[in-house]
Amino acid sequence: MVIGVVSAIFVVVLLSGCVEDKSEIIFDNALNNETYNIYIDGEKKGTVNYCSETIEINKGKHKIEIKASGSGNVFESLDVDVSERTYVYNIGNKHKYKIIIQNYATEEYLKKHSDDFNYEPYILKEIIGNKHFFSYDAEVKLDMEFPYEAMIFFKDTKTLTGIMRFREYNTCFYNKGIELSDKNLCERINDKYYKESCLVEIGIKENDSGICEKAKYEDNKDICFASIGEQTNNASLCEKVIDNYTREYCFEIVAWNSGNAALCEKLTDNYTADYCFRYVAEFKKDIGLCGKIIDEEYRYSCYKDVAIARGDISLCKELLKEESMDYCAEIIATAKNDTTLCNEVINEENKKRCIVVCVTNIAIQNGNFFLCDNLTDTDSKTNCRDFVIKNLAEEKEDYSLCNNISSDGIRDDCYYKYASVKDEDDINLCENIKDFGTKHECFYSIIYGENFSMNSCKNISDKDIKYWCCENVEKDDISCCGELTDEEQKDLCIQRIAIAKNDTSVCENIINNDEHKWCVKEIAYTLEDTTICDKISDAKFRKECVLYVI
């Protein structure tokens with residue numbers, strides 16, 4: 001058993017709020033990855049794990065207690081007077097630790113469970129010297145200031161010993177400093193590069209290039225100038241970037257955002273410069289910029305893009321080859337729904353397609369499927385009619401119209417679109433869909449809806465979707481699980497709810513013995529209570545459960 005002073009060490013930051021009588025308390029649990037409950041004036045206000053939690057509070061004097069989530073033991077208790085901006089760091093940093101490392105905390109154990117730790121076991125050696133592993137009852141005493149390199153933590157429990165866990169301290173201040181744009185938190189970082197990176201990120205958030213000027217590390221300086229340059233369309237900041245690739249990318253982004261083609265001239269890579277000119281040409285609808293593109297294929301693509309952007313079919317005819325000209329003319333004709341423009345398309349197949357798209361769009365816009373009769377091809381006429389009916393079903397919210405659609409794909413889409421915007425009572429509309437993938441997407445879109453309930457899960461005929469529905473919708477009631485016909489799915493459904501509720505009595509409804517044992521074991525681990533393992537009749541598995549919790 002771990003004996004001695006064991007303290008949850010965290011950082012409390014007091015900040016003035018925007019409202020006159022309100023402020024915030026930021027709890028920073030930088031030392032470990034366990035969860036603690038926060039009590040303010042005797043009332044639970046939140047939880048904190050690695051790394052922080054922000055709680056709004058009235059200004060004035062308050063009693064704060066930090067309690068272990070499992071046992072409820074108080075780790076820290078302090079009185080605070082919330083007024084102006086105040087920092088209270090490293091509570092407990094002078095504590096003395098009396099450590100007993102149990103026989104399972106051997107070097108072999110740590111290596112075997114290395115995935116549970118942020119650092120390799122040698123970090124532990126650096127902290128406590130050569131006496132880092134001991135027999136069952138050996139002790140190590142530590143008198144140290146709060147260590148930056150690694151953090152020591154002991155699990156809080158009345159019946160089990162603790163094991164050592166590690167956390168990188170700097171990460172907490174880095175993340176919270178950037179989140180709050182708080183340079184003081186960045187200054188708490190002991191690594192110089194990491195500290196500067198934190199300050200640079202704040203500078204980027206605030207478009208403060210002055211921070212970039214102060215940066216000493218080249219990559220931080222480059223990222224800072226480039227990011228702010230891109231955000232503010234300030235090419236002069238791009239000029240200050242040292243790395244060639246980062247500088248030119250900055251020019252390219254500013255060129256795109258501002259339409260400044262002169263910046264494309266600064267790009268040394270021909271492909272990148274060509275793309276830049278093409279993008280800016282389309283953005284400004286400036287056909288002349290296309291002539292600056294070196295690659296012939298790219299240049300013609302630029303002509304096509306600008307012609308389409310202008311909606312000027314004459315440019316298609318003047319500047320493009322037949323294949324590109326056809327595509328260009330077809331896009332403009334269909335965008336304008338003008339069948340006469342389709343006559344400019346040279347290839348007969350492309351011309352027919354252009355006319356079909358235009359007629360179909362016009363029929364949909366007018367809600368009149370008789371206009372589809374202007375098409376000569378039977379299949380095109382049928383598809384046109386189907387699209388008009390589908391659109392009418394959506395507009396009138398009358399799914400019965402979907403039955404009149406001939407095409408399976410369009411009819412499926414009609415049911416899917418209608419079902420996805422209706423409430424839970426319409427879930428069985430999805431049953432009308434023939435395509436397996438579309439049917440499942442239809443069910444999921446409804447199940448994910450805000451007002452969906454367990455009652456609708458029971459009405460689903462597909463057993464796999466019903467199982468998924470019961471698992472994801474009703475998290476506290478096992479009656480939905482009882483509706484499942486597959487015994488394995490029923491057990492897994494009950495198990496998930498039992499674990500979510502930390503209620504071993506729910507586990508008793510599980511038929512499969514192995515799943516029942518696993519259910520109890522997971523709850524014991526979550527609650528950090530080995531006595532729960534006693535509910536397992538299998539002696540071997542019961543022992544495994546105890547070790548798992550430890």
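Modeller: Happy to! A residue counts as buried when its relative accessible area is under 20%, as exposed when that area is over 50%, and as partly exposed in between. Keep in mind that this is a predicted model.

With that cut-off, take Asp-386: its relative accessible area is 0%, so Asp-386 is buried. Its side chain meets that of Arg-385 in a salt bridge, with 4.0 Å from N to O. Arg-385 has a relative accessibility of 32%, and therefore counts as partly exposed. Salt bridges that share partners also join Lys-390, Glu-394, Asp-413 and Lys-417 into one network.

Now for a pair within a helix. The side chains of Lys-176 and Glu-179 form a salt bridge at 3.2 Å, N to O. Both residues belong to helix H3 (residues 169-180), where 3 residues, or about one turn of the helix, separate them. Lys-176 is buried because its relative accessible area is 3%.

Another pair is Asp-305 with Arg-278, whose side chains meet in a salt bridge at 2.7 Å, N to O. This pair links distant parts of the chain: Asp-305 sits in helix H11 (residues 296-310) and Arg-278 in helix H10 (residues 270-284), 27 residues apart. Both Asp-305 and Arg-278 are buried.

As for the general idea, side chains of opposite charge can pair when their charged atoms come close. Across the structure there are 21 salt bridges.

Definitions and conventions: Residues numbered from 1 in each chain as written. Predicted model: local features only at pLDDT ≥ 70, side-chain atom pairs only at ≥ 80, totals over all residues. Heavy atoms only, no water. Helix = DSSP H or I, 4+ residues; strand = E, 2+ residues; numbered from the N terminus. Buried < 20%, exposed > 50% of the residue type's maximum accessible area, 1.4 Å probe, protein only.
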